[in-house]
Amino acid sequence: MLSQVCRSGFQPFNQRLLPWAQSTALSRSHPVQPSTIRNVRSWSNIPFITVPLSRAHGKSFAHRSELKHAKRIVVKLGSAVVTRGDECGLALGRLASIVEQVSVLQNQGREMMLVTSGAVAFGKQRLRHEILLSQSVRQALHSGQNQLKEMAIPVLEARACAAAGQSGLMALYEAMFTQYSICAAQILVTNLDFHDEQKRRNLNGTLHELLRMNIVPIVNTNDAVVPPAEPNSDLQGVNVISVKDNDSLAARLAVEMKTDLLIVLSDVEGLFDSPPGSDDAKLIDTFYPGDQQSVTFGTKSRVGMGGMEAKVKAALWALQGGTSVVIANGSHPKVSGHVITDIVEGKKVGLTRNLTVTSWFIGRCSTTEPRWLGRQDLILLYNIALATRPVGQLLLPRSPPLSSCIFTPPGRLAPPLLKRLSLSTSKLNSLAIGLRQIAASSQDSVGRVLRRIRVAKNLELEQVTVPIGVLLVIFESRPDCLPQVAALAIASGNGLLLKGGKEAAHSNRILHVLTQEALSIHGVKEAVQLVNTREEVEDLCRLDKMIDLIIPRGSSQLVRDIQKAAKGIPVMGHSEGICHMYVDSEASVDKASRLVRDSKCEYPAACNALETLLIHRDLLRTPLFDQIIDMLRVEQVKIHAGPKFASYLTFSPSEVKSLRTEYGDLELCIEVVDSVQEAIDHIHKYGSSHTDVIVTENEKTAEFFLQHVDSACVFWNASTRFSDGYRFGLGAEVGISTSRIHARGPVGLEGLLTTKWLLRGQDHVVSDFSEHGTLKYLHENLPVPQSNTN
């Protein structure tokens, strides 16, 4: 299942849904006051934080793992779930299983309510039996036994069936719940009970009193007296919903009682893009109102009043009211015995690994709000207290120091990983400097005019910067990445989802709290959210209409997994950091050794660390070569010989298994080349387009290398470790990109912006510029306003 959220009012993730994988949920928006932020992006708060059992209503759960915190739950049983296949009588086995699951949750301290169908089916069975019995007696008296087979049963009116079946249905529920020492109470309602204010208050009071006494209310429409269906005017607005079937009743009840979760059980696996019986029907993992036109609804079920369209409308209405909604299969024998408890426990319910039985809905309350945060001068002052607080103050009560906030015993972690996990005073000082750089450089970053063109008289065109949208950033076990990436996202007007390494989970939580503390001053606390598990990342990768860009920071395997999992969402990053350094025949002895040491040994686990050293053939058996080898031995770097290098040596290190290897440790491949051109060819064949360096005193050779190596970063006489957003003066980086479109190299603030074109005219039409038109194109470049750099 996959929880989703309704985005509306900026909350960084409002307005677009943010789901979690194979179920459907929506949330109510919390708009920011206009006086606080202008040009605010409208999304509904996408709660990623864990919500306590006593959470305030109005914010739906954001992902499956939070459903275990649901305290008040409505379970709606569709007619197809509780009735038999012959439409006459109840499916007693399924009903008993559902009662058992509801009882288990009730005995856990939750407040359970049932909205049930079945009275008509139960009454039909009862009335048919009575009619057959009556007819058989009459036939026996008047015509003899031989005509019994020809007896016809008249069409049974639904209201009469409901009247005859309601008492039996309730008696059955009462007997079943009694087996678990739970008392149940029957409540029959009509539309008037919700729309008449006095009746509504009475109903509300009764339900609350029953819940207080640990009684399970069993609610049903009073089909014996229900009026004919009115014109389809319900569900057209937030405050209008007519109770004409149990789907609308369940949604109205859920919102009225401020429930945390509404589980709608049906006889299908969830919401499909076309009727489930059709050959090309596909299960929709994530749904939001903007997708309604892409769904073809089928007819209602064999016995139900509503059908899937009614369920979707009711679900969206409930989500607007702050109740999470899950639509699930409650009739399949493999899952019906545990589907309710599995949903509440946050499990990914499914018949098989690939067939889910739940659908989550995400709602977007409005699509008219601007997509981005706007005025950066309100929020870019993000050098939060975090950046200047002493390390000892960055702790929650009774928490271990940030430098030891890891779940794995330190003895089991490699030294490079421990170094990444630590948050030392020097790291925090660098972080503070970087955040201030971001704040300074982000003035007027959003909405900056890049280009102005006078297309024709009184027709002017502008190209301006805008945020990309919602970013999902998956970063390695470096807690300081969290505030850096958050600062870049906020300063560029983007919403942000962050998934950090589990080794630094505690540190990440503390830093996230501090980040939200800083953002709450400007009313955008929800702009940065944490994602807790890998499973949630998999779910998010499906949301191509909710998330605009995924940036994985980590191993090459992580990047490949994300690229494979992303369903239509662009992925920006580098698959590997195979960085080369070419030491030319005219290189300085002292410079070469110093640059190799810094590139390989200063931080070998970094993606910008040196992995392959290319040596000009003329340098073999020279003091320069000997000095480099001696330095590597001192630094305890394990050397792997390339094929050509190994051929020059009588006793050589182990020959490298692959020339395209990212070691991430104190290991290095050395290979021999005959020229700068051969070095370039080697880099293009085995490199990853990350960072490559030439060491030489020949300026002409250096320029040839700089111009012909097609990598994101190409340096001359400088360490590969300079490939970094902070060292480039960007304040920080959200990652390093090796793609050839959009941002490339260290991605800072500018890399998180895109552009749009604004055209201002005065009743201009294209036909006026035709061959026989009266206007001509001018296409004059106009001055661009200077940015405010103060």
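How many of the nine residues of β10 are buried? Eight of them are, so β10 is largely enclosed by the rest of the structure. Buried here means under 20% relative accessible area, exposed means over 50%, and partly exposed lies in between, with a 1.4 Å probe and protein chains only.

Before I go on, a word on the basis of this talk. The model is predicted: local features need pLDDT of at least 70, side-chain atom pairs count only at pLDDT 80 or more, and totals for chains, interfaces and linings use all residues. Residues are numbered from 1 along each chain as its sequence is written, and side-chain values use heavy atoms, with hydrogens and water left out.

First, the chain as a whole. It has 21 helices and 24 strands; these are DSSP runs, helices being H or I of at least four residues and strands E of at least two, numbered from the N terminus. Of its 790 residues, 54% count as buried. Among contacts between residues at least 6 apart in sequence, 73% join residues at least 24 apart, a contact being heavy atoms within 4.5 Å.

Let me return to β10 and its sheet. Four strands form an open, antiparallel sheet in the order β23-β10-β9-β24. The edges are taken by β23 (753-760) and β24 (780-782), each with a single partner strand, so one side of each has no neighbour in the sheet. From one strand to the next the twist averages 30 degrees. Two strands are said to pair if DSSP finds at least two bridges between them. Strand β9 (residues 449-456) and strand β10 (residues 459-467) run antiparallel and are joined by six bridges, with isoleucine 453 having leucine 461 of β10 as its bridge partner. These two strands form a hairpin with two residues between them, and in the turn asparagine 458 has a positive phi of about 60 degrees. On the β23 side, β10 pairs in the antiparallel sense over eight bridges; there, valine 466 has threonine 754 of β23 as its bridge partner.

The next sheet has parallel pairing. Its six strands form an open sheet in the order β17-β18-β16-β15-β19-β20. Here β17 (638-641) and β20 (713-716) stand at the edges with a single partner strand each, so one side of each is left without a neighbour in the sheet. The twist averages 20 degrees from one strand to the next. Strand β15 (residues 579-583) pairs with strand β16 (residues 610-616) in the parallel sense over five bridges, and tyrosine 582 stands opposite leucine 614 in β16. Helix α20 (residues 676-686) packs on this sheet and touches β15, β16, β18 (667-673) and β19 (691-695); its direction makes about 170 degrees with that of β15. Helix α21 (residues 699-708) also packs on the sheet, touching β15, β19 and β20, and its direction makes about 175 degrees with that of β20. For these angles, axes are lines fitted to C-alpha atoms, for helices over the stretch in contact, and angles run from 0 to 180 degrees between N-to-C directions.

The structure holds one cavity of 30 Å³ or more. A cavity is a set of points, on a 1 Å grid over the protein atoms alone, where a 1.4 Å probe fits but cannot get out; lining residues have an atom within 4 Å of a point. About 40 Å³ of space lies in the largest cavity, the volume being the space filled by probe spheres set on the points, which are joined across faces, edges and corners. Which residues line the largest cavity? They are Lys76, Asp247, Ala250, Leu262, Val264, Lys311, Ala314, Ala315 and Val325. The elements giving two or more residues to this lining are α7 (246-256), β5 (261-266) and α8 (308-320), and α8 gives the most, with three residues. By class, six lining residues are nonpolar, none polar and three charged; Ala, Val, Leu, Ile, Met, Phe, Trp, Tyr, Cys and Pro count as nonpolar, Asp, Glu, Lys and Arg as charged, and the others, Gly among them, as polar.

Ten of its eleven residues are buried, so α7 is largely enclosed by the rest of the structure; among the buried ones are Asp247 and Ala250. After α7 comes lysine 258, whose phi is positive, near 55 degrees. Arginine 72, in strand β1 (residues 72-77), is buried with a relative accessible area of 15%. Leaving out residues up to four places away in sequence, arginine 72 touches several residues, including Glu111, His208, Lys258 and Asp260.

Terms used: On a 1 Å grid over the protein atoms alone, a cavity is a set of points where a 1.4 Å probe fits but cannot get out, and a pocket is an open set with protein on both sides within 12 Å along at least five of seven lines; lining residues have an atom within 4 Å of a point.
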